[in-house]
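Thanks for coming. Please keep the structure open while I talk.

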Amino acid sequence: MKSLSDVATPLGLLRVIADENAVVAVGFNPGSNAKLSRFEVQSEQSANAVSEEAAKQLQEYFSGERFVFELPLCLDGLSPFSRDVLDCLQGVPFGQILSYGALAELSGHAQAARAVGRVMAANPIPIIVPFHRIVGSTGKMTGYSGGSGIATKEWLLAFERQHAVI
């Protein structure tokens with residue numbers, strides 16, 4: 001059974017969906033988020049220990065107190081390529097950016113920058129799996145599928161630059 005916790009953030013409401021073992025999704029604007037609807041969670045379902053811990057860590061992140069998430073994640077149903085990319089993505093440090101091409105290379109798929117972009121767009125666990133840290137080869141913001149799109153990505157990157165420990 002899936003459980004949920006909502007988190008108020010400077011970017012609006014985030015919903016964390018978790019099973020008894022791991023976070024399965026995080027979504028912006030839960031009432032109108034099509035990505036979250038596939039998880040078949042009723043809004044009256046209660047939180048569990050995993051969703052509550054994820055909500056706590058997200059609150060710490062938005063308070064500038066957390067730079068690394070320490071949560072079990074469920075990425076079931078993803079291709080080996082997608083898992084490779086998301087595993088590498090989790091290693092991009094707080095406050096830093098990487099290009100799609102660089103992430104493709106790090107994940108062992110040097111010629112797959114466009115495919116990496118598709119993985120980013122489908123990432124079910126934004127912020128915790130920080131696809132906002134991936135930009136175009138020139139540093140340009142090329143898209144973001146969470147919240148208000150590129151404006152959300154720019155906000156997250158500025159927030160991290162402001163709070164990064166040097």
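**One glutamine and its helix**

Gln 57 is found in helix α2. Before I go on, this is a predicted model, where local features need pLDDT of at least 70 and side-chain atom pairs count only at pLDDT 80 or more, while totals for chains, interfaces and linings use all residues. Residues are numbered from 1 along each chain as its sequence is written, and side-chain values use heavy atoms, with hydrogens and water left out.

On the naming: helices (H or I, at least four residues) and strands (E, at least two) are DSSP runs, numbered from the N terminus.

Is Gln 57 buried or exposed? Buried means under 20% relative accessible area, exposed means over 50%, and partly exposed is in between, with a 1.4 Å probe and protein chains only. Gln 57 has 2% relative accessibility, so it counts as buried. Its side chain reaches the backbone nitrogen of Glu 70 at 2.9 Å. That is a polar contact, meaning a pair of N or O atoms within 3.5 Å; within protein, one must be able to donate a hydrogen and the other to accept it, and residues adjacent in sequence count only if both atoms are side-chain atoms. Leaving out residues up to four places away in sequence, Gln 57 touches Arg 66, Phe 69, Glu 70 and Leu 71. Touching, or contact, means heavy atoms within 4.5 Å.

Now the helix itself. At the start of α2, a side-chain oxygen of Asn 48 comes to within 3.0 Å of the backbone nitrogen of Val 50. Just after α2, Gly 64 has a positive phi of about 75°.

Which residues of α2 are buried? They are Val 50, Ser 51, Ala 54, Ala 55, Gln 57, Leu 58, Glu 60, Tyr 61 and Phe 62. What covers them includes β1 (3–9), β2 (12–18), β3 (23–28) and α6 (150–163).

**A serine on the strand side**

Ser 5 is found in strand β1. With a relative accessible area of 4%, Ser 5 is buried. Its side chain makes a polar contact with the side chain of Glu 52, at 2.7 Å. Among the residues that Ser 5 touches, again not counting those up to four places away in sequence, are Ser 51, Glu 52 and Ala 55.

**Cores and rings**

A nonpolar core is a set of buried Ala, Val, Leu, Ile, Met, Phe, Trp, Tyr and Cys residues joined through side-chain atoms within 4.5 Å. The largest one here has 36 residues, and those with the most contacts inside it are Leu 14, Val 23, Leu 58, Tyr 61, Leu 89, Met 120 and Ile 127. Which element gives the most to this core? It is α2, with 6 residues. Apart from this core lies another, of 5 residues, among them Ile 17, Val 24, Ala 25 and Cys 74.

Next, aromatic pairs. Rings of Phe, Tyr and Trp (its six-membered ring) pair if their centres lie within 6.5 Å; planes under 30 degrees apart count as stacked, over 60 as edge-to-face and the rest as tilted. By this rule there are 9 aromatic pairs. Tyr 61 and Phe 62 form an edge-to-face pair, 5.0 Å centre to centre and with 90° between the planes. Tyr 61 and Phe 69 have ring centres 5.6 Å apart and planes at 35°, so that pair is tilted. Tyr 61 counts as buried at 0% relative accessibility, and Phe 69 is buried at 16%. Ring pairs join Tyr 61, Phe 62, Phe 67, Phe 69, Phe 94, Trp 155 and Phe 159 into a cluster.

Most residues other than glycine have a negative phi. Ile 127 has a positive phi of about 70° although it is not a glycine. Ile 127 is found in the loop between α5 and β5 (134–135), and it is buried, with a relative accessible area of 1%.

Overall, the protein has 6 helices and 5 strands, in the order β-β-β-α-α-α-β-α-α-β-α along the sequence. Buried residues make up 48% of its 166 residues.
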